4 protein chains.
Amino acid sequence: MRFTMPQKVKFKHCDPAGIVFYPRYFEMINDCVEAFFDEGLEVPFEEVHRNGGVPTAEISVQFTAPSRHGDRLELSLTPTRLGRSSLGIRTEATCDGERRFVATSTLVLIDGQGKSTPWPDHLRAKLRGWIQQAAA
Amino acid sequence: MRFTMPQKVKFKHCDPAGIVFYPRYFEMINDCVEAFFDEGLEVPFEEVHRNGGVPTAEISVQFTAPSRHGDRLELSLTPTRLGRSSLGIRTEATCDGERRFVATSTLVLIDGQGKSTPWPDHLRAKLRGWIQQAAA
Amino acid sequence: MRFTMPQKVKFKHCDPAGIVFYPRYFEMINDCVEAFFDEGLEVPFEEVHRNGGVPTAEISVQFTAPSRHGDRLELSLTPTRLGRSSLGIRTEATCDGERRFVATSTLVLIDGQGKSTPWPDHLRAKLRGWIQQAAA
Amino acid sequence: MRFTMPQKVKFKHCDPAGIVFYPRYFEMINDCVEAFFDEGLEVPFEEVHRNGGVPTAEISVQFTAPSRHGDRLELSLTPTRLGRSSLGIRTEATCDGERRFVATSTLVLIDGQGKSTPWPDHLRAKLRGWIQQAAA
């Protein structure tokens, strides 16, 4: 199972070459993670940040085709690995079926002191559900 | 040989957790690439974009420690691989010797139609010089 | 008549004080202008930029109360003045009825050479309609 | 007396029209305020934010000419009005003597609870010095 988020390529995203400035893609990925917590896990992202956060520990992205102002992207996020306090995800963007980028990243749940902390049980259960459905 | 750029962590870079919002690191990396063309290769980045560009084809980053408002980072860029129209680079940020992130990425020289195009000889020679000195 | 756009305050919008970093508000305003062209005027913003644009010539904003991560803003845009090639607009953001900012700005239609150019008749008619309904 | 900060227009600042995307100007203005605290007032901006901040209460900007990738801007900041807890400033950007924008804004010093708080004496004295020299 994957979580999806529509994203129009807006004027603000584009560079002088008329294509998405790639750091903007990371904002889109971050927005998709936020929407996944809000809607996919039903834990508002702002609550996750009340006493901690989920910083990105590593990310690898391949930009396979440029995106232009007005393109209607679909971002899809798939949780892939669940650790004690980490989560592996795969985020892909497509436009009319053409892949624009694919990213794999690792998030880590931290507490208010910045230390990694285990996923609470209710989140762990939900994340496991997403991963099992993705693998099915 | 590596090219270095100082970068204070500014207010604009930081998120509610008080640390750098990671998409901002990609802007820093892009600024470092721009400075490398401007000063390291002596080809103003704006000229490179007159009829083409150097989009990033892929990038992998490990964020090894958080950076806070006021931290004085040093970004260092090392060209590592020279292809027909591609360039592999490694970008690292440190603060007082502590590594904050390390990125490996591939840039591709494109023409005004968005097609990959060979590095012109004068750039190829300069890039080869940087790579040889880095390996020495 | 006013055009409205919902906007959740996301993690990316917020600064170390936990409130919206004000330059991000200008991105929201720009997104709202883009949505107004797309949906309110039914002229995709990317088409407006095919051979020209609508740069902002001036803008004044009062930030009346801070916004926090998770706040559900409503941006409303009201066209107020129609010139030969200019458009005055007022953009306001509220959250549960509390005003967060109010902005007045002037956009100018320009051609591909960057010169101001008169609104084409079909856009002029639509803009006039919005202004008359706003005044009604 | 005015405080100045050089700013190259970088690739990241520019939009598909090849000119600075105006929300980026507000980041430049914010950077200039940060540099003014760091260097002009000798109070690191990160210290100001340890238990409070200096949010912008209002800002008005006129964009008088477009800026392009590679332009070497000079931003100059002039403190103009000192209130109990507010500061009026004027920020102007020029390129080779041509004005690109002029902004007037009001900052407010707030404490850790977000309430306006009087300028401490040492800052008040320094700010008064800047204002008197600007008027001289």
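Strands β5(B) and β6(B) make a hairpin with 2 residues between them, and Asp96(B) in the turn takes a positive phi of about 50 degrees. (Strands here are DSSP runs of E, at least two residues, numbered from the N terminus.) This is a predicted model, so to speak of a local feature takes pLDDT of at least 70 and side-chain atom pairs count only at pLDDT 80 or more, while totals for chains, interfaces and linings use all residues. Residues are numbered from 1 along each chain as its sequence is written, chains are lettered from A in the order in which they are written, and side-chain values rest on heavy atoms, with hydrogens and water left out.

Ala93(B) sits opposite Phe101(B) in β6(B). On the β4 side, β5(B) is joined to strand β4 (residues 72-82) of chain B by 8 bridges, again antiparallel, with Ser76(B) opposite Glu92(B). A hairpin through 3 residues links β4(B) to β5(B). Strand β5 (residues 86-95) of chain B has 9 of its 10 residues buried, so it is largely enclosed by the rest of the structure. Buried means under 20% relative accessible area, with a 1.4 Å probe and protein chains only.

Now to the nonpolar cores, each a set of buried Ala, Val, Leu, Ile, Met, Phe, Trp, Tyr and Cys residues joined through side-chain atoms within 4.5 Å. The largest has 82 residues, and Phe26(A), Phe37(A), Ile59(A), Phe26(B) and Phe37(B) touch the most other members. Apart from it lies another core, of 81 residues, including Phe11(A), Val9(C), Val20(C) and Leu109(D).

As for the copies, chain A can be laid on chain B with an RMSD of 0.0 Å by a turn of 180 degrees and a shift of 0.0 Å along the axis. The two are thus related as by a two-fold rotation axis. Ser60(A) has the C-alpha nearest that axis in chain A, 2.0 Å from it. Superposition is by least squares on the C-alpha atoms of residues with pLDDT of at least 70 in both copies. Of the interface residues of chain A, 100% are also interface residues in chain B, so the copies meet through the same surface.

How values were computed. Buried means under 20% relative accessible area, exposed over 50%, partly exposed in between (1.4 Å probe, protein chains only). Contact means heavy atoms within 4.5 Å. Helices (H or I, at least four residues) and strands (E, at least two) are DSSP runs, numbered from the N terminus. Two strands pair if DSSP finds at least two bridges between them.
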